[in-house]
Amino acid sequence: MITDKSVGLSEIIQDDHPYRITTARSVDSLSRSVDLSGVLHPCILLKEGGTEDRGGYVVVSGHLRIEAMKQTGGTLVPARVVDASQDRQAALLHCARAAVMDNAFSRPLDMVEKAKGVALLNRYMSLEEIVKDSPALFNERLNLRIAENLLTLGRQPANIHRMVLESRLSIKTLAKLETFDPDIRDRFIRLFQYIKMGQNKQLDVVVHIQEIAAREDLSIAEFMDSEKVDSIVTMDHPDENLKSAHLRNFLAERRFPEKTKARQEYRAALKELDFGNAISLDPPRDFEGDTYRISFDFKTADEFNRALDKLIRARYSDRLRELIK
Amino acid sequence: MKIEKLFIDPAVLGMEETETIRRNLKLSGEVVEKESGIFEYLAAFPDPVLQGKKTLYITHNPGALIKECPGTSHYTCCDYTILHAGTFCTMDCSYCILQAYFNPPLLRYFVEHERIRQELENIARKDRIYRIGTGEFTDSLIWEPISDLPAFLVQQFAKQDRAVLELKTKTVNIDSLRHVDHNRKTIVSWSLNTPEVIRSEERGTASLPARLKAARKCVSWGYKVSFHFDPVVIEPGCEKAYTEVIDRIFEYIRPEDIVWISIGSFRFMPALKPMIEKRFPESKICYGEFIQGLDNKMRYFKPLRIRVYKAMADRIRSRSREIFVYFCMEDEKVWNETLGFFPEKEGELGHMLDKSAAEHCGLGTGN
Ligand code: SF4
């Protein structure tokens, strides 16, 4: 079923790469290496029918080596050829495994490569089987939830893969977005194209938007199209962190109006105590417990005494009593 | 919800309770050696939780029959005692914690009449008061149409004066309680909610008027009753809706027939949220203003709880100052700001409830 031989570049299919999982684009360094020493490890090719104007070999692994050979003017590729004419299913499974393993055991795979690997293998194996064999396939142990998320990512188009590679979209967020209609999913994708934020913040944004819409009897689309959201997303400001903070604050206020109001009132009352910046008086988390916490910074004995004076003065303040009621 | 599938533990085959259920369900049932076989059966359904509500397993209770309610250290607990007579429920409330408790959940009826008899004899010899309920892991009265469990329990409790049984339900399955000599040792209790919440969150339960009518019938048969507003669902306008429900209670029941009314707002383990979102996509119950409580459960922001509780407590008080009103799992500030007192000492709330039970139900400790 497998034969080692040299295959002409012209016989290799150039416009269809069902087994390609690598995300690397540049082959410049590899070209120099191929120029110097030729292709050291044989590529894996699948022998398909082939026609007059189309080669008969599909690249299973070695896409970059073949690319490098083209650049250096090579013509013959050293290859291990898989023949699918006897037991096609077994041959295709072998190719899928080889495509993943050949990459995974030569370097760490990035998230998209793993995802493409899982999606490729899932054509022939169940997710449970992939998880079970993951140390042998991916050179690392995957669990079922990670494998499910990777499968979701693996099935996405190239623009989503690019966003994940650029850390513009997290795999967890993507898994959440998959629970929405495609139109809503695309709106969120566009939002994250505009505003970059970390994985947890992204998820918070999605969940808050979903829940605000539910609370206010709006569709997610209506809420996302609202003037306020739109004005933050399209704000003409180069600092994406600032835009992200604006959006998250706005969403948190809208999602938790009473809590926001209580916080604002607390802050206003605290201001009247005139503690300044050096002393902080923190309420119980979410105003749920009953323990307040006071702390202050000082560099000198004078600063210490000044802070102490302020605290002693606050003892008699009605404001303090109102604050800690 | 109709029970469609019956599994039977070989250990309870031929026992009277088993045969009664078989007869009433008109199902011969399938004998299974291991519970895991039932889990496999359930797992094959798209919604195993829903299927668990239509699947009954008759077996013994492998653990303790009588348990103290676990409570938590941060919020005041009512020191209730649980009689573990069965699990799960044929109704389907979006917020039901039982969906996430057992894995997967399944209706289990425990054939334990004899053990119950013995446990109650032990309790009758003790020198304290017990408030015992079967409604912690199941609804107390879903069993009434298929078994004699509720009537049996009422009869057993009637024979002693240390413990009171609270049958907590959202059904109107009370017929078998009618001609039982209860000796006032059973409180029939309804969880109440606003018609809107019942409609949107409590699938398959009886309507508010039906529950109140059933309560009135029980009172006419000499039973005392109690009511539990749990979970109070806080949304705009809910104060009005809940106080209206309180008004309705007094259209049906006299204050002196009510042993207590409890109030507790919706709280949930974070793990329940995805389950509710999946099984009840129309429900908005998880989207209130929740914060993480000191027991790590999600609960409404405290000022919101206080606002609603105060409106409810004031309305009850305006109807009767005698009814004992208490909160389920709340802290000092909530108690003080709404009821004007706080049962501070450990066990104090329990003692207050014992006292109310003793007065209404004729309990005594012999001291
Ligand atoms: S009635 Fe009670 S036990 Fe039954 S589903 Fe509703 S909350 Fe759960």
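Okay, a definition to start with: I'll call something a salt bridge when a side-chain nitrogen of Lys or Arg sits within 4 Å of a carboxyl oxygen of Asp or Glu. The general idea is that side chains of opposite charge can pair when their charged atoms come close. And please keep in mind that what we're looking at is a predicted model.

So, here's one to find on your screens. R80(A) and D4(A) form a salt bridge, with N and O 2.9 Å apart. Where do these two sit? R80(A) is in strand 4 of chain A, residues 76–83, while D4(A) is in strand 1, residues 2–8, so this pair ties together parts that are 76 residues apart in sequence. Searching the whole structure, over all chains, turns up 48 salt bridges.

Let's stay with chain A for its layout. It splits into domain 1 (1–107), domain 2 (108–155), domain 3 (166–255) and domain 4 (271–323). If you take the C-alpha centres of domain 1 and domain 4 of chain A, they're 70 Å apart.

F287(A) isn't a glycine, yet its phi is positive, near 60 degrees. You'll find F287(A) in the loop between strand 5 (279–282) and strand 6 (293–296) of chain A. As background, most residues other than glycine have a negative phi, and most peptide bonds are trans.

D230(B) and P231(B) are joined by a cis peptide bond, with omega at about 10 degrees. P231(B) belongs to strand 13 of chain B.

Now, how do the chains meet? Chain A brings 18 residues to the contact and chain B brings 22. Together they bury about 1,600 Å², and 45% of that is on carbon and sulfur atoms. How many salt bridges cross the interface of chain A and chain B? Four, by our rule. E211(A) also pairs with K273(B) in a salt bridge, where the closest N and O atoms are 2.5 Å apart.

Hold on to those two names, as we move to the pockets. The largest pocket has about 1,800 Å³ of space. Its lining is made of 48 residues, and nearest the centre are K176(A), V207(A), E211(A), K273(B) and E277(B). Which element gives the most to that lining? Helix 10 of chain A, with eight residues. Others supplying at least two residues each include helix 13 (240–255) of chain A and helix 3 (48–52) of chain B. By type, the lining is 21 nonpolar, 10 polar and 17 charged residues.

Then there's the second largest pocket, at about 1,200 Å³. It's lined by 44 residues, and closest to the centre are I97(B), G135(B), E136(B), D230(B) and R267(B). Strand 13 (224–232) of chain B is among the elements that supply at least two lining residues here. This lining divides into 22 nonpolar, 10 polar and 12 charged residues.

That's the tour. Questions welcome.

Definitions and conventions. Residues numbered from 1 in each chain as written. Chains lettered and ligands numbered in written order. Predicted model: local features only at pLDDT ≥ 70, side-chain atom pairs only at ≥ 80, totals over all residues. Heavy atoms only, no water. 1 Å grid on protein atoms, 1.4 Å probe; cavity = no way out; pocket = protein on both sides within 12 Å on 5 of 7 lines; lining within 4 Å. Points joined across faces, edges and corners; volume = space filled by probe spheres on them. Helix = DSSP H or I, 4+ residues; strand = E, 2+ residues; numbered from the N terminus. Nonpolar A, V, L, I, M, F, W, Y, C, P; charged D, E, K, R; others polar. Domains from an automatic or database assignment. Contact = heavy atoms within 4.5 Å. Buried area = accessible area lost by both parts, 1.4 Å probe.
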